[in-house]
Structure formats: structure tokens, C-alpha cells
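Have the viewer open as you read.

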Amino acid sequence: RLLFCRLQFAVDKVMLATSALHAALVAPASAARRTAVSSVSLARLRRPHAAGFATARGCIAGVGGGAGRRSGSISATATAMGFTLAAGSAWSRSSGPRPVRCTGTSSAQDRSSASSTAVAAAERAAPAPALRFGAIADVQFADVDDAWNFKGTQRRGYRGALECLRRAIDDWDSGPELSFVADLGDIIDQQCEAIGDSYRALNMVLAEYARLRTKVEHMVGNHELYNFSRRECAELIPNITPWFRSWQPVQGWRMIVLDPYDLNAIERDGGQAVEDGLDYLSQHNPNDLRAPRGSVDLSKGLNGLQHRFLPMGGAFKHEQLSWLRDELRAAEESQERVIVLTHLPVLPEATVPGGLTWNFDAVLEVLRGPHPGTVALVLAGHFHCGAYALDFASGTHHVTLPSPLHAHADDLRAHCVVEAFEDRVEIMGRGLVPSRTLPLLPQSLQEPLDAPDYAPGQGLGDKGGAISRL
């Protein structure tokens, strides 16, 4: 299924490019004809693909029996964001791409020359993004041979992941200037700790990041806490603290980094922090959480969204949620857009249940608090297949980046460049990461939006056991 979806996605992009080229070179001078690009190609290009590539299935169809009640709000939100509902529950932009203007010519050579000139002129005339940054998630480098995941469903290229990072850095440095690069966590794999190679492996990864011309914003993931204590992370990994933080890279945009392991059960030398996490987890997971790692099936007896209550997850404490609420209120008052960066996804449709933040409902309530459209994007990692979902309650896009561990040997790339505009966010994917155009709700939208009701079992495909040892 994954191979089929990749092939279909590639074919769709070729169809769209062919349609756009035809409109640019052949269509008459009429403005209406110049913008005639196949709507079918556009719809298919943005269709939610299987295997975690992109899905808004739960948001579109509704969960917990409330789809009919929310249909008006969903339709209004989609229309406001420039989407129309196409056949098969696929989402597509209601307006096509800007046409490439060119003059009619009598020969193929003249048309080619005119087209090149028109493309160059269009690129010069196109508005520059307000913000541009790079992003990558779950490099999880380890100096070990490739191996299969616990379920035996995915091959992991541990050394190849470092090559993915090298290519990402070369790409970021050779392109337009970036405000920063976001490392969404899991910089090295747990196996480094098991073989006593944590410090050397970390230094190898940090040496690659040191080549960048721009600052790297590191985030904490579960594999950082497998390998190091919090104190060691703060000392060894630049720009990983404060654990949750915010800044305004440009006027009108606010970046927020969250720490989803504020409460956790895995932190090395965690002491009371781990005890608190185990106490919390034991209220939701009946299994022996203190058993040696790998000796007990900790997902036994869990169903649907309950699968999030595993030790590799974490939660936000009250202090961080209160801080986040204040940050969003300040952004709303300043009419800023917000992009949230976190290792763990917080929307069920943007991951599988086992990859979800323990108290995702609490953080979603905070993210949905400000005016719809304030929180433009939540960018996460952890779920190695990657996923996408739109939260209709707030107009927020949730994008989960795939891991370089699964990049094919023929194309060792799994990173992206994110560009933020007034009306949209563009994710320009490389390799495993799909490119996306994410329209933003107008900040003047006044209609209140309804939050979905999550029923036990709702999530991306309800595959509670699909994640193991992330």
C-alpha cells in the first residue's frame, strides 16, 4: 500500500505539472483560460493518502457519532480555508495555482524561451515568505547495522539516518536563508545507550549540525531521555533549553516549543520525576510498568486511544499548560500567527494512538482557546510514518514528519523547508516528507467552531499496536 501511494503521489505531481505547463504555453490570452488547470489533478494531489502520508479522515467524517451535528461548522471552516470537499473525502484547494504568464509564439523553441522568461519573472514577482525555517524529526542515529522494528514491519537504516541529516544540512545551507532549523527530537537512538555509545554518537550528530549557517533549535524526545539525564541533555545539546520556550523570529509570527515529557516515566536518573510519571501512568495502564524493559507487553488490555498510556509517551504538567495559554493569549492580542513545535503529536488523527501525548485532550483545549486561525501549525515527530490532519475546531494544521530511519537507500532524504505566508504555510518536502500547501483561516473569521468529541478507539486507523519502540 505504501509503495502504491508513493507511486500515485508521484503520478499526481506529474499530471499537475503537465496541466500547468499546458495552461502556460498553449492557452489563449484570456485570463480565465490561462488559469485553467485540471481540478481533478489538484484534488488528487492533495488527497489524503494511506499509510500515514496524509489524513483528515477522522476530522472530516466525525467521531463519536457527532458528524451530523458538526457538519455546518466543518463546511464553513473548510470554505474559509479555501478547501472544497471532493469525492472520496479528499480535500482540495478551491482555487488553482497562479498561472505562468507567457506570450504566444510560433515555434517550440520560442515558446520554451518565453516560458523560461515568464517563470523567472513570476518568481521575482512572487511575494517572499514572512518566515522560512528547516525541520527534521527522529534522526535516531546509531552506529549499528540496519534492523527491523519490533513488529517486523519496517526496516530501519540507523547509519543511513546520519547521511539523511548530512544531505538535509547541505540542502538548507545551499538554499535561501533560514531563520533557524528545528530538530524535533530523538537525535540518537536508544541502542546507543544499550551499547555504551551515547556520547560518541551524539557528538557525531552535533558535528553535522555545527556545519549549518543558522541556529538549530533542539527539542527533547524519548530517546534523549533514554540516553541522558535532563542535566546531561542541557549540558551536551545546544539550544535544547528552556525545555518549553517561545520567540518571535519575525513580526507577526510566534514560535512555541513544547516539552511533552514534562511528566514521564523514562527519564534517566529521573528520580522523583519518574516516580510521578509512573504514578500517573499506573492510573491508566494496569500492567507492570516497573518490569525490565521488553519483558512485559505493556499494551496488554489497552484499547484504542488507551494505547497512548505507554512509557515512551509523556504529558504536559499544569504549569506548562498555563504558560502555553498565556503565550497564545498574548499572540492573539498581538494578532500574531503561531507555529508549535513538539516531539509528540497532540491530535489523534495526526498519529496512531501509541504515539499520542498522554493528556492530549488538555493541550488541545488550550490550543483551541484563542481565536480560530491563531495557531496555524503544529509540527511534530515521533510517529515514524508521518501523518497530516486538520483540526476543524481551531483551523490548525497538524503535520507529523516521517523519520529518516525509513528513507530508501536510493533517496536518503527526509526533511523539509517551511515557509509561512500571510494566507498559507508551504511545506517543501524532500524525500520521504511530502510537500503541502496549508491554507490559513482568515484572522477576521468570527464564526465559532465546534471541537470534535473523541471516543475511545478514535485515531489514525485505530492501530493501537502499530507503534513499538519509537
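Start at G134, which sits opposite V417 in β14. This is a predicted model, where local features need pLDDT of at least 70, side-chain atom pairs count only at pLDDT 80 or more, and totals for chains, interfaces and linings use all residues. Residues are numbered from 1 along each chain as its sequence is written, and side-chain values use heavy atoms, with hydrogens and water left out.

Zoom out a bit: β3 (residues 131-136) and β14 (residues 414-420) run antiparallel, joined by five bridges. Pairing here takes at least two DSSP bridges between two strands; strands (E, at least two residues) and helices (H or I, at least four) are DSSP runs, numbered from the N terminus.

Both strands belong to an open six-stranded sheet with mixed pairing, ordered β7-β6-β3-β14-β15-β16. At its edges lie β7 (216-218) and β16 (436-439), each pairing on one side only. On average, neighbouring strands are turned by 20° against each other, direction ignored. Axes are lines fitted to C-alpha atoms, for helices over the stretch in contact, and angles run from 0 to 180 degrees between N-to-C directions.

Helix α7 (residues 158-174) packs on this sheet, touching β3, β6 (181-183), β14 and β15 (424-431), and its direction makes about 30° with that of β14. Contact means heavy atoms within 4.5 Å.

Now look at another packing pair. Helices α13 (residues 318-333) and α14 (residues 360-367) pack at about 20°, their axes 9 Å apart. That makes the two helices roughly parallel, a label for angles under 35 degrees. In the contact, L321, L324, R325 and L328 of α13 meet A362, V363, V366 and L367 of α14.

Notes
Parallel < 35°, antiparallel > 145°, perpendicular 65-115°, else oblique.
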